[in-house]
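I set out to record, entry by entry, what I looked up in this structure. The coordinates are placed below for reference.

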Amino acid sequence: MAKITAGVATSHVPAVGAAVDMGRTQDPYWKPMFDGYEFSKTWMKSNTPDVAIVIYNDHASYFGMEIMPTFAIGVAESFEICDEGYGPRPIPVVDGAPELATHLAASLILDDFDMTVLNVLEVDHGLTVPLSLMFGTPDKWPAKIIPVAVNVVMYPQPSGERCFAIGKAIRRAVEQFDEDLDVQVWGTGGMSHQIQGARAGLINLPWDQQFMDDLINQPEVLQYKPHLEYMIEAGSEGVELIMWLIMRGALGENVDEVYRFNHVPGSNTSVGHLILTPSADTDKTEA
Amino acid sequence: MKPDFEQFKDIPGTTIFTIEKAREGFHLNQFCMSLRKAPNREKFLADERAYLDEWDMTEDQKQAVLTRDFQKMLDNGGNVYFLAKIFATEGLSYVQAVSTMTDMNVEQYQAMMLAGGRNIEGWRSKKERGEA
C-alpha cells in the first residue's frame, strides 16, 4: 500500500530559481535564505519519497486565459519546463508517476472533486523552485512528481474548506493504491506578498507565523479563513497559502513539526517553509 | 453562493483579478501569453505598436503597454502574472517592474523590502486611510 509519510510547505519565489540557476545562492542577499533550506536538503536525502504530489499554481505560464481549471492534475510520463519569458530554467525534465496519478485523478473525481486531467503540461517556477530548494541541483530529480495545479490567480479561488477537503481525499486515495510507495505531499506558494499596485511589497510576518501555527494545530478552524482575509492581511498574492491547506489535509489529524523556517525578504515575498510528518497516533486512529 | 466582487474594493492600492476583470483583460492577457515564445518577444520589441495592433485590445490597453504603465494595465483587466511576460521580455525582474506601481523608485523599494517589507499598519482599508 502507498503511504503518505511527510508534508512539505514552501514558498516558490521565481527569483529563487534564478539565483540557483545563476549560481548566486551564496551571495550576501541570498545566503541567509538558502542556509535555511540546508536542513531540508539533508533531511530529504534520507527521506526521499518515491513520489511527491506537488500542489502548486501556474503563473500564466502554461495556462492562458482560454482555460482556467480550479483543480488540475498532471498524469503524463514527464513534464517539460515552461518558458516564462526569460527562457526555460536549465533544470532536468520532471518525471511523472502516471499510474498513481491516474488512480488519484479517478479517485478524486469519484469523490466529487471535478479534476481537470492534464495529459500534457509544462511546469513553471511554482513547481520547479520547490524542487530546487528541496533536492538541490541534481542531474535527474530523485523522485517522481505528480503536479496538482490550483487556480489561485483568478477570484474566486477554491475555498479553504475545499482545499482542506481535497487534501483529505488525496490521503484516502493514496492509501488505497496497491503498490508500496512512499509518498509526500508538498504545498507551495505564499507566504505574505503582494506584487501589484501601490500596496506592493506588503509583508506580514506575524500573520504568516500564526498561519503556520494554525496549519499545524488547528487546520479544522483555519480552513474557514475567507479569501478576503488572506488578501488584506497577506497581500493579493498571499492567497496562494490556501494550497498549504491541501498538504495539511493529506497528513491526517495530528502532525509532528520536523522543521520550520521563515525569511524576509525573498525578492517581494515572505519566505516560509515547513516539514511535517503525520503523528504516530494519527496513523493508529485511522488504521 | 452569490459572488461578492465589491468586498475587495476597500483594500488600498490593490486590484483583485476577479473573473469579471479577467473578461475585461482577456485580449491584453492573451497578448502577454504570446511573449512566452522567443520569436514573438523579438517581434514585439522590434515594433511594439505593430505587434499590439495584431491583438483585439482596446486603445487604452495598448497605450498602457506602450508606456509600461502597469497600474493602468491592471485597471484594464491585466493580471501581474501575465504582465510579467512584458517585463521579462525586457529582462527586468519582478522587483524592478513591481516598484513602478508604488510611489517609490526601485532603490527605495528594495530598501523597504530589505528592511522587512511594507508594514501592513495603515494599509488594511481605504476607509481607514480616508481614501474612500
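Predicted model: local features only at pLDDT ≥ 70, side-chain atom pairs only at ≥ 80, totals over all residues.

**Entry 1: chain B as a whole.** I looked up the secondary structure of chain B and found 10 helices and zero strands. Read along the sequence, the chain B pattern is α-α-α-α-α-α-α-α-α-α. I then took its extent along the principal axes: the C-alpha atoms of chain B fill a box of roughly 45 × 40 × 25 Å.

**Entry 2: a helix pair in chain B.** I examined how helix H2 (residues 26-34) of chain B packs on helix H7 (residues 80-89) of chain B. The angle is about 45° and the axes are 8 Å apart, which makes H2(B) oblique to H7(B). H2(B) passes H7(B) in a left-handed crossing. From H2(B), the contact is made by Asn29(B), Phe31(B), Cys32(B) and Met33(B); from H7(B), Phe82(B), Leu83(B), Lys85(B) and Ile86(B) take part. By class, I record six nonpolar residues, one polar and one charged in the contact of H2(B) with H7(B).

**Entry 3: the interface of chain A and chain B.** I next asked how many residues each chain gives to the contact. Chain A supplies 43 residues and chain B supplies 48 residues. The buried area between the two chains is about 3,900 Å², and carbon and sulfur atoms give 62% of that area. The rule finds two salt bridges across this interface. I looked up the pair formed by Arg41(B) and Asp83(A), a salt bridge whose closest N and O atoms are 3.0 Å apart.

**Entry 4: salt bridges overall.** Over all chains, the structure holds 22 salt bridges. I also looked up Asp95(A) with Lys140(A), where the closest N and O atoms of the salt bridge are 3.2 Å apart. Asp95(A) lies in strand S5 (residues 94-95) of chain A, whereas Lys140(A) lies in the loop between helix H5 (125-135) and strand S8 (144-150) of chain A, so the pair ties together parts that are 45 residues apart in sequence.

**Entry 5: a helix pair in chain A.** I turned to helix H6 (residues 160-175) and helix H10 (residues 242-249) of chain A. Their axes come within 6 Å and cross at roughly 30°. Angles under 35 degrees count as roughly parallel, and H6(A) and H10(A) are therefore roughly parallel to each other. H6(A) passes H10(A) in a right-handed crossing. The contact residues of H6(A) include Gly160(A), Cys163(A), Phe164(A) and Ile166(A); those of H10(A) are Ile242(A), Leu245(A), Ile246(A), Arg248(A) and Gly249(A). The contact of H6(A) with H10(A) has seven nonpolar, three polar and three charged residues.

**Entry 6: backbone geometry in chain A.** Which peptide bonds did I find to be cis? The bond from Gly190(A) to Met191(A) is cis, with omega near -5°. Met191(A) sits in the loop between strand S9 (182-188) and helix H7 (205-217) of chain A. A cis peptide bond also joins Val264(A) and Pro265(A), with omega about -5°. Pro265(A) belongs to strand S10 (residues 255-266) of chain A. Finally, I checked phi at Ala60(A): the angle is positive, about 50°, although this residue is not a glycine. I place Ala60(A) in the loop between strand S2 (51-56) and strand S3 (71-74) of chain A.

Notes:
Residues numbered from 1 in each chain as written. Chains lettered and ligands numbered in written order. Heavy atoms only, no water. Axes fitted to C-alpha atoms, helices over the stretch in contact; angles between N-to-C directions. Helix = DSSP H or I, 4+ residues; strand = E, 2+ residues; numbered from the N terminus. Parallel < 35°, antiparallel > 145°, perpendicular 65-115°, else oblique. Left-handed = near helix turned anticlockwise from the far one by under 90°. Contact = heavy atoms within 4.5 Å. Nonpolar A, V, L, I, M, F, W, Y, C, P; charged D, E, K, R; others polar. Buried area = accessible area lost by both parts, 1.4 Å probe. Salt bridge = Lys/Arg side-chain N within 4 Å of Asp/Glu carboxyl O.
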